[in-house]
Amino acid sequence: MAVAALGASLWLPPQEFSSFPLWIDRRRGPCFPRIRALAARKNANAAVSSPSVMLVSDLDFTMVDHKDQTHSSLLDFASLWEAEYSRDCHLVFSSGRSPEKYLDLRRQVPLLTPDTIICSVGTEIRYGPSMTPDNGWEEHLDEGWNREIIVEEAKKIATLHFQEDSEQRPHKVSFKVEKKDAEEIIRRFSKKFKELKLDAKLIYSGGIDLDVLPQRAGKGEALAYLMKKANSEGWAKERVLVCGDSGNDVELFTVKGVNGVIVGNAFDELVKWYSSQSSKDHIHFASNRCAGGIIEALKFFDMGPALPPRERPGGNSNGAASPRREIVDFYIFFDKWVKGDIPNTDEAFQRLTSVIAEDARMVYPWGEELNLLQSLAVVRGQHGAFQGKELRTWVDSIQEQELAPGVYLATWQSWEQPSGENRKGYYATAVFKDKKGAPNGVEWLRVHQTPQKQK
Amino acid sequence: MNLSSSPRLMIVSDLDHTMVDHHDPENKSLLRFNALWAAEFSHDSLLVFSTGRSPTLYKELRREKPLLTPGITILSVGTEIMYGDSMIPDSGWEQELDKGWDRSIVMEVASEMPQLTFQSATEQRPHKVSFSVDRGQAPEIMKILDDRLKARGLEVKLIHSGGQDLDVLPIGASKGHALSYLLKKFEAEGKSPLQTMVCGDSGNDAELFAVPGVYGSMVGNAMEELINWYNENARDNQKIFRATETCASGIIQGLQHFGIDPCVSPRDLEMDGDFVAGDKDGHQAIAREIVLHQLLCEKWLKGEVECNDHVFEILKAPVAPHSTLIGAWGVDIQLANAIEMLRPLHGLHKDKRFWIWVDRIRVTNIGKDTWLAKFDKWQHYDGELNCRITTAVFQSPEGKPYATAIQIQETWKEGYAGKPMLKI
């Protein structure tokens, strides 16, 4: 539990997490979507209708609102996705960032672990937490591409400034160009490409970034490739929702068969493009910023539940067995409890105690194994301990399977970040059993937490 | 009490020179006993330690020697009974001992006797006052103390085991009385052990053997006083056995003598057989599998088994496809890969003081063919101890003779985290 782990940070000296842990999780390679589908079939609760969505989102100022340091809508999205979509859906981040800059971002904001990351403006496709590259895509981009010539030509232009090394990738050459010089430079490059019969294209976005990519590359092309792969490998989703805010997201909206959302804070260049389109029924221009706009679109296009778990009144209405929802609800309960957002009453605390088996035990991340109900008494006393203070907690990568009729095994990662401190991550495993009448149809039998390795 | 029904067997054992052999730095017999207990008895039997040591000295011993966690701990020469892992005291026993006991009188009388030196504070307990005395003068000092206390109206029990230590206890206190109290309590709850076996080596263990109805195993290294007591009182008692082997090996011998099966320690088995669940019920089979697997890991690392594929396949056998290990180090890997990492490490700890043992093993059936196991995995390497609290989910599908692990997670036990150099 987050707060159980919080208990650790309150009682023990905070530990230094110097950098983001890269997991060696081989169970989540390119074949991951198939394993998840198996897990879904095993789940006896077919009655719980499950969305089938591939969500493809840009990161900066689409999924991530850099202007909101509390990241509240991002956290809402994360909990909604984990509770309602993560079982059968596929989350894709599609970013202009290089892998290194992507990892930087992960260290700074509470991002879920996506199933696929398309980075470096659609020139790199990587799968799973271990970010396994798609070699087929790389080979595909090699044709008709010549990086050296582009670099040579760029050096001749004074108003063109190379971005830093981490942003120069095998199939991406990146510059910074002032708005006023952009049009001219793009024209000059295009002419040169024609001359040299080079299969390259130029993408200008954010009013400053100019990327040169293979013609075949781009967020749109990468998405089309991914969707084709999903079809041929049998894990295609019924709906695809793309989400963007800037120039380099245009291509996402033109992929056949997708729905799209332009977030409320989108850049001019994208808004202009949207206005100029004749066919735009498949696109929703959200009023909410960033992740709030994405949630808005899920509702607008009726793709699945769109009420963040935080806002759901006490638990799932139909009480069908869902360890996944129970896990998300549990962390949200803790968060609200320590922030004093729930009344400090026995009745309110019963939400927790009523779903824990009497002899359930928990292995806490600092190395103690205790009776879960008894140890929760400590949490009871922590009501309001974080009132008015910033604390972020979120869960990621929930996986569940039915071990035997009515018995479930779930694994996940949880994160907590008190304000001003480094984040701490935990691996967790829990065993659940059917319980009639419980908010999410299950009770907890055992939980085991391990702190994630600091790297 | 954490047992839901009568224990099949209750062992009540002294520690120093009975369970623990202070002359063996390798702790061979203790480790043999540990493996046997964890594999065959942990799920339905009760282990009780009964020692003269105070809580402080008991904890010290636990740091030095690979002791299992008993279900009940009787400390301070039978004056403290504690239950479970968290060692919850038995207040009923404290009240029993309070009868006719007045600690302050003992303190007053002792303060007037310069021949008595108080031992350290950790050795002074609610129902135990401990002194150091001159060995030679001990009998005389005891007489004086006894007389003076009687004059104050207090009858006590004085224990002097031949050395410098002199303990003053309530008249009703002793290892034997504590055991009788426990047995009576079990009977009242309808949970009497089917068999009780006591084990000891010295004078103050005699009372254990004297409890009616118990089996007894006197270890091979028993002291003269106990042997004399045996000759005088128990020669014809078929239920008391004089083992020939020392310490914990003598305890195992006792089990064998009385036919309390299974009584072959996994450490005495040949490691070339396959894991066989056997026809015993699932709890025991899985506990045995866990113990055998850890044992095989130890032997592999010490180079005590053949370095060949056949043996390594046995190591890999209890791994289900796609199963995961979340290691105490905080990484998440395929269980099969984790085991594979051992392959090149054959003999890494050859001739080193290295051993692994499993403690607090509990297996629960949570669903059809599905088991939840938890245990503490301890490793000792050259004086360094580490311990992983482990949770494992097993399934024993049809057609397979043994269960396979589908998920294992470990967390370093508080205070016993592994040091990075020993990344195993």
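Which strands of chain B does helix 10 lie across? Helix 10 (residues 282-301) of chain B lies across strand 15, strand 16 (370-381) and strand 17 (384-395) of chain B. The structure described here is a predicted model.

**Chain A overall**

- Chain A has 14 helices and 18 strands in its secondary structure.
- Chain A consists of 455 residues, and 62% of them count as buried.
- The accessible surface of chain A is about 18400 Å², and carbon and sulfur atoms account for 50% of that surface.
- When contacts in chain A between residues at least 6 apart in sequence are considered, 65% join residues at least 24 apart.

**Helix 14 of chain A**

- Helix 14 of chain A spans residues 372-380, and its buried residues are A:L372, A:S375, A:L376 and A:V379.
- An α-helix has 3.6 residues a turn, so residues three or four places apart point the same way.
- The exposed residues A:Q374 and A:A377 sit on the face of helix 14 of chain A that is turned away from its buried side.
- At the start of helix 14 of chain A, a side-chain oxygen of A:N371 comes to within 3.1 Å of the backbone nitrogen of A:L373.

**The four-stranded sheet of chain B**

- In chain B, four strands form an open sheet with antiparallel pairing, in the order 6-7-9-8.
- Strand 6 (117-118) and strand 8 (156-160) of chain B each have a single partner strand, so one side of each is left without a neighbour in the sheet.
- Two bridges pair strand 6 of chain B with strand 7 (residues 129-132) of chain B in the antiparallel sense.
- B:F118 has B:F131, in strand 7 of chain B, as its bridge partner.
- Helix 5 (residues 138-151) of chain B lies across strand 8 and strand 9 (165-170) of chain B, and runs at about 170 degrees to strand 8 of chain B.

**The six-stranded sheet of chain B**

- Six strands of chain B form an open sheet of mixed pairing in the order 14-13-18-17-16-15.
- Strand 14 (332-334) and strand 15 (354-367) of chain B stand at the edges with a single partner strand each, so one side of each has no neighbour in the sheet.
- On average, neighbouring strands of this sheet are turned by 15 degrees against each other, direction ignored.
- Strand 13 (residues 319-326) and strand 18 (residues 404-412) of chain B run parallel and are joined by four bridges.
- B:I326 stands opposite B:Q409, which belongs to strand 18 of chain B.
- Helix 10 of chain B runs at about 155 degrees to strand 15 of chain B.

Note on methods. Residues are numbered from 1 along each chain as its sequence is written. Chains are lettered from A and ligands numbered from 1 in the order in which they are written. This is a predicted model: local features need pLDDT of at least 70, side-chain atom pairs count only at pLDDT 80 or more; totals for chains, interfaces and linings use all residues. Side-chain values use heavy atoms; hydrogens and water are left out. Buried means under 20% relative accessible area, exposed over 50%, partly exposed in between (1.4 Å probe, protein chains only). Contact means heavy atoms within 4.5 Å. Accessible areas come from the Shrake-Rupley method with a 1.4 Å probe; for residues, only the protein chains shown count as cover. A polar contact is a pair of N or O atoms within 3.5 Å; within protein, one must be able to donate a hydrogen and the other to accept it, and residues adjacent in sequence count only if both atoms are side-chain atoms. Two strands pair if DSSP finds at least two bridges between them. Axes are lines fitted to C-alpha atoms, for helices over the stretch in contact, and angles run from 0 to 180 degrees between N-to-C directions.
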